[in-house]
Amino acid sequence: MKYRMTLHRRAFALMAAGFVLAALSTLALGACSKKAGSEAKPPKVAVFVPGLVSGSPIYEQLVAGVEKAVAEIPGATCKVVEAGFNQAEWQAKLAALAATGEFDLIATSNPALPELCKKVVADFPAARFFVADAWLPGAERIHTVLYNQYEQGYIVGYLAGLVTTSGLPGANPEKKAGLIVAQRYPTLDELIEPGFAAGLAAAAPGAALETRVIGNWYDANKAAELAGNLIDGGVDVLLPIAGGAGQGAVSAAKARGRYAVWFDGNGYGAAPGTVLGCAILRQDRLVYEKVKALLAPGGAALYGKAEIVGAKEGYVDFDDSGAAYKALPETIRRPFEERLSALRSGSASFPVTGLSR
Ligand code: RBF
């Protein structure tokens with residue numbers, strides 16, 4: 001009986017997977033490959049993007065990391081699949097990708113993904129996953145690496161605190177920072193938002209943090225509207241955690257002569273003079289290293305393991321290359337850089353042990 005049920009479940013999963021396969025093939029963004037070398041069966045890697053690549057540095061770096069790894073392995077190929085913004089479709093799209101049986105590894109990035117991968121692994125035992133920006137220990141055939149997002153939040157929170165208490169034009173005496181988020185999720189609630197709040201409080205004791213939720217990762221107009229409301233209420237520095245929608249918040253800050261700090265990568269170009277500082281994840285490097293390691297002999301030992309990396313390891317950092325950052329007064333840059341050095345060296349750290357779910 002149990003055996004029959006398992007068979008039914010598997011048949012259903014295969015049907016569902018087959019159904020979305022056609023749709024998936026139209027989503028394939030492109031493929032990268034090198035000419036096959038002498039080795040038999042060069043590896044094939046799929047990149048599953050839970051959203052769209054464009055506008056989300058974390059996904060742009062995911063693709064870049066896989067492409068770099070694949071380019072160094074003779075004959076290896078990769079295929080990028082964008083799953084779009086309808087999260088209800090991700091499970092079936094991921095299953096469809098695994099159901100092809102074509103890929104030695106599926107690389108993806110997002111804290112919601114390990115649970116979906118776990119279900120796929122139950123139906124397609126040959127599937128193997130690497131999930132960046134996520135945490136699920138002890139999951140067979142799945143390797144995850146979580147960034148210490150508390151530290152990423154702290155870095156820009158500290159800068160925001162120095163900005164909101166500064167004499168910069170556009171900074172007001174109200175000591176208020178704003179967070180514009182696409183949606184609520186555990187990494188945000190447990191790491192990013194508390195980290196940002198702690199950094200803000202450390203640099204500007206008594207400062208207030210106000211958070212607003214857009215409801216999706218693409219609506220830049222809604223982000224701009226929410227940012228405008230916050231600015232009306234006295235906020236003078238904003239952090240968007242909203243993928244492509246974040247541009248709307250930054251544009252609103254620019255239009256009103258206020259400021260923004262940025263997450264995940266170099267965003268100075270999004271609004272020169274408005275984006276004053278950018279925390280970065282070295283996601284491209286991490287993904288490159290992990291894809292290489294997982295495909296190398298002995299790489300299978302990584303499956304089932306969940307790692308956490310932060311500022312001390314160099315995967316969470318700050319990009320100081322922007323003209324707007326360089327133009328900040330010493331009274332902001334000196335204390336900020338001291339704090340940053342402490343995080344980089346590990347003399348200050350905010351250890352993270354995982355997520356609640
Ligand atoms: N971050 C993005 O930059 N773009 C996205 O489209 C995006 N979609 C997400 C969807 C879900 C369900 C979750 C949980 C997170 C998403 N993130 C996205 C956030 C991302 O994983 C990470 O937390 C932030 O980019 C901050 O590093």
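This is a predicted model: local features need pLDDT of at least 70, side-chain atom pairs count only at pLDDT 80 or more; totals for chains, interfaces and linings use all residues.
Two strands count as paired if DSSP finds at least two bridges between them.

Strand E4 covers residues 105-109. E4 and strand E5 run parallel and are joined by 4 bridges. Within this pairing, Ser109 stands opposite Ala132 of E5.

E4 is largely enclosed by the rest of the structure, because 5 of its 5 residues are buried. Buried residues are those with under 20% relative accessible area. Leu105, Ala107 and Ser109 point one way from E4. Ile106 and Thr108 point the other way. Both sets are buried.

Strand E9 (residues 237-241) was examined next. With 5 of 5 residues buried, E9 is likewise largely enclosed by the rest of the structure. Val237, Leu239 and Ile241 point to one side, whereas Leu238 and Pro240 point the other way. E9 runs parallel to strand E7 (residues 176-181), and 5 bridges join the two. Gly178 has Leu238 as its bridge partner in E9. E9 also pairs with strand E10 (residues 259-262), in the parallel sense, over 2 bridges. In that pairing, Leu238 stands opposite Ala260. Helix H8 (residues 246-255) carries the chain across from E9 to E10, in a right-handed β-α-β crossover.

Helix H2 spans residues 57-71, 15 residues in total. From its first C-alpha to its last, H2 reaches 21 Å, close to the 21 Å expected at 1.5 Å a residue. Several residues of H2 are buried, among them Pro57, Ile58, Tyr59, Leu62 and Val66. Gln61 and Gly65 are also on the buried list, as are Ala69 and Val70.

The side chain of Gln149 has an N or O atom 2.9 Å from an oxygen atom of the ligand. A polar side-chain atom of Tyr185 lies 2.6 Å from a ligand oxygen atom. For Asp264, an N or O atom of the side chain is 2.6 Å from an oxygen atom of the ligand. On its own the ligand has 550 Å² of accessible area, and the protein covers 97% of this.

Backbone angles were also considered. Most residues other than glycine have a negative phi. Asp133 is not a glycine, yet has a positive phi of about 60 degrees. Asp133 sits in the loop between E5 (129-132) and strand E6 (142-147). Its relative accessible area is 8%, so Asp133 is buried. Lys175 has a positive phi too, near 55 degrees. Lys175 is found in the loop between helix H5 (149-164) and E7. Its relative accessibility is 28%, so Lys175 counts as partly exposed.

Ala323 belongs to helix H10 (residues 323-326). At 63% relative accessibility, Ala323 counts as exposed. Ala323 and Gly269 are 54 residues apart in sequence. In space, their C-alpha atoms are 9.7 Å apart.

Conventions
Residues are numbered from 1 along each chain as its sequence is written. Side-chain values use heavy atoms; hydrogens and water are left out. Buried means under 20% relative accessible area, exposed over 50%, partly exposed in between (1.4 Å probe, protein chains only). A crossover is right-handed if, with the strands pointing away from the viewer, the path from the first strand over the helix to the second runs clockwise. A polar contact is a pair of N or O atoms within 3.5 Å; within protein, one must be able to donate a hydrogen and the other to accept it, and residues adjacent in sequence count only if both atoms are side-chain atoms. Accessible areas come from the Shrake-Rupley method with a 1.4 Å probe; for residues, only the protein chains shown count as cover. The expected span of a helix is 1.5 Å times one less than its number of residues.
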